[in-house]
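Okay, thanks for coming, everyone. I have a few things to show from one model, so let me put it up on the screen.

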Amino acid sequence: AAMIFGLVLPFNHYWTPFFGARIGQSNLGWLWTVMYLALASAGLLVRSGKPIFHGVSGISLSLLLAGLSLAGMGLWPGIAAPVAFLLLHEAARGLYEPTLDLYIQDHVESHYRATYGSLQSFLGRMSYGLILLVVWLLASNQASTSDLIMRIWFISGMLLVLGASLLWLFRP
């Protein structure tokens, strides 16, 4: 899960040119505020205690929603649909960390948590670097147009959906 979560990183690098072309550079600050509120408020769903937001099902759900919304974000013209997908994407990303933390607290014995956390962090960061390297290799020598961004987001999103589905199917 930590490794496939890195597939959200292409969004981080391309959201400003994508949305800047649609709403203007001066309005990106407002969009950032809305994005952050969606990200931060998602933790309330985890705190609600609903079982769907806990364990592997919660982790898989957050990754699935992040992937679907990332893949769909650039498929519609205008601003309404992309912003709706953006809010779902940020909320899904906000669900991931607290859900993963709860899972670790419940399933990893306390004397192993530091080692587990270090290994998880290392593997996750390693995959982040690999994912960004692949995106850079595929996108180098190309202008950051909306078409390129939409293709990268779609591929990243679908790979994230695939990874989340496999995690769900083969969960312990």
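This is a predicted model: local features need pLDDT of at least 70, side-chain atom pairs count only at pLDDT 80 or more; totals for chains, interfaces and linings use all residues.

Residues are numbered from 1 along each chain as its sequence is written, and side-chain values use heavy atoms, with hydrogens and water left out.

So, rings. The structure has seven aromatic pairs, meaning Phe, Tyr or Trp rings (for Trp the six-membered one) with centres within 6.5 Å; planes under 30 degrees apart are stacked, over 60 edge-to-face, and the rest tilted. Take Phe 11 and Trp 153: that pair is tilted, at 5.3 Å centre to centre with 40° between the planes. Phe 11 sits in helix α1 (residues 9-23) and Trp 153 in helix α6, so the pair ties together parts that are 142 residues apart in sequence. Helices here are DSSP runs of H or I, at least four residues, numbered from the N terminus.

Are those two buried or exposed? Phe 11 is buried at 1% relative accessibility, and Trp 153 is buried at 0%. The cut-offs: buried is under 20% relative accessible area, exposed is over 50%, partly exposed is in between, with a 1.4 Å probe and protein chains only. Ring pairs also join Phe 11 and Trp 153 with Phe 18 and Phe 19 in a cluster.

Next, Trp 15 and Trp 32 make a stacked pair, 5.9 Å centre to centre and 20° between the planes. Trp 15 is in α1 and Trp 32 in helix α2 (residues 28-47), so this one ties together parts 17 residues apart in sequence. Trp 15 is buried at 10%, while Trp 32 is partly exposed at 46%.

Helix α6 gives the most, eight residues. Leu 169 lies in that helix, α6, and is exposed at 60%.

Last one: Asn 141. Its phi is near 70°, positive in a residue other than glycine. Most non-glycine residues have a negative phi. Asn 141 is in the loop between α5 (110-139) and α6 (146-169), and it's exposed at 83%.

Notes:
Helices (H or I, at least four residues) and strands (E, at least two) are DSSP runs, numbered from the N terminus.
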